[in-house]
Amino acid sequence: MTLLALFGLQHPTSAAIIKKVAPTFWWAGMKNPELQVLLYGENISSSDVSISAKDILLKEVVKQENPNYLLLYMDLSEAAPQSFNITLKPGQKEPVFPYEIKQRRNDASDVSQFAITNNPNTPIFILAGFE
């Protein structure tokens, strides 16, 4: 086994660990039922992914050029609010990451509650923090 490791031929048996997820949760009943979830963790692209959700279809798992990222595409068209697990299946262990689909507020589509402004001090939210 040591010689195999020296030449980079050792098969990894340790579990991949999900370090970051974006978005961290989502809502049921959105106009667009497709959800894209970005997973980050060291060498997670070699993992098989499954979900334990009811009425949520894992449509596609897309590997990126960087082996530390995976994109999951899910269809939420039939999904009710729920918590479920995202499971990675590399080697002998299967790490699990909890994920939540929350209940959408009834007035969530009322865009009149937001003000449009030219004020340069208005905050702009940027999804960042991935390496």
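## Strand pairing at the sheet edge

Strand E1 and strand E3 (residues 34–40) pair in the antiparallel sense over three bridges; strands are DSSP runs of E with at least two residues, numbered from the N terminus, and two strands pair if DSSP finds at least two bridges between them. Within this pairing, Lys-20 stands opposite Tyr-40 in E3.

## Basis of the model

This is a predicted model, in which local features need pLDDT of at least 70 and side-chain atom pairs count only at pLDDT 80 or more, while totals for chains, interfaces and linings use all residues. Residues are numbered from 1 along each chain as its sequence is written, and side-chain values use heavy atoms, with hydrogens and water left out.

The chain has a mean pLDDT (the predictor's confidence in each residue, from 0 to 100) of 81, with 69% of its residues at 70 or more. Over residues 1–13 the pLDDT is below 50, and this stretch makes eight contacts (heavy atoms within 4.5 Å) beyond near neighbours in sequence.

## The open sheet

Four strands, in the order E1-E3-E6-E5, form an open sheet with antiparallel pairing. Strand E1 (20–22) and strand E5 (57–63) are at the edges with a single partner strand each, so one side of each lacks a neighbour in the sheet.
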